[in-house]
Amino acid sequence: MEKTMLFSFFLVALFSKNLFTASSLSVRDTEGHPVQLGVKYYILPFRPGAGGGLTLATNKGKCPYEIVQIITEPANGLPVTFSSSNKEDKTVQLNTDLNIKFTDFQHTTPCPESKVWKFDASNQQNGALLVTVGGVEGKPGRETLPNWFKIQKEDNAFYKIQYCPTVCKDCRVICGDIGPVIYDGRKRLAVNESPLGVIFKKA
């Protein structure tokens, strides 16, 4: 059943060079200001009652860390910083390849991987491919495809995060929205049919 659902989902979003398009505009934080590159922000659900922010947790003590959404509100979770594949950008732009990196993280189980977000095609839960950490910051190209994400505007009210990198023009990639899947009592981030609507609050 899981394989059938996963296959039908990716029939729509598989092997696309640029499935999602949007105007190149600055992403805004909760105060209406452009989100700055290299500055700390919390990624929070847009809708009340949808849970708290994002943090890191191990899967039964195993590395690498998985990205999980805090179930209870109003926890902010861990802040992140953004860096762009476009060296000319001064702020975070819609539909632009971005690295997302957790900061201020301390844990009793130290994992050696970086805290840069990474799409992990080998890590699947409930038919969805997980987003973990351990990515490489910068160096846009074929070798770093799993490390690039985009922010898109949804219904002119909130944002969603997508995996659909375009840092390699000749590469064929999986594209999809990022949202939580519930497994083992945790809401893990994954490439999902149901995106998590988010806002960005300056830390």
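Trainee: Is Cys-111 buried or exposed?

Mentor: In this predicted model, Cys-111 has a relative accessibility of 9% and therefore counts as buried, since buried means under 20% relative accessible area.

Trainee: To which residue is Cys-111 joined by a disulfide?

Mentor: A disulfide is read from a pair of cysteine sulfur atoms within 2.5 Å. Here Cys-111 is joined to Cys-63, with an S to S distance of 1.9 Å.

Trainee: Which parts of the chain does the pair tie together?

Mentor: Cys-63 belongs to strand β3 (residues 62-69), while Cys-111 sits in the loop between β5 (98-102) and β6 (117-125), so the link ties together parts 48 residues apart in sequence.

Trainee: Why is the disulfide of Cys-63 and Cys-111 left-handed?

Mentor: Handedness is read from the torsion about the S-S bond. For Cys-63 and Cys-111 this torsion is about -85°, so the disulfide is left-handed. By contrast, the torsion for Cys-164 and Cys-175 is about 60°, so that disulfide is right-handed. The link of Cys-168 and Cys-171, with 70° about the S-S bond, is right-handed.

Trainee: What pattern do the disulfides of the protein follow?

Mentor: Bonded cysteines are counted along the chain, and the pattern is 1-2, 3-6, 4-5. The count comes to 3 disulfides. Among them, Cys-164 is joined to Cys-175 at an S to S distance of 2.1 Å, and Cys-168 to Cys-171 at 2.0 Å.

Trainee: How many helices and strands does the secondary structure comprise?

Mentor: The protein has 1 helix and 12 strands.

Conventions. Residues numbered from 1 in each chain as written. Predicted model: local features only at pLDDT ≥ 70, side-chain atom pairs only at ≥ 80, totals over all residues. Heavy atoms only, no water. Helix = DSSP H or I, 4+ residues; strand = E, 2+ residues; numbered from the N terminus. Buried < 20%, exposed > 50% of the residue type's maximum accessible area, 1.4 Å probe, protein only.
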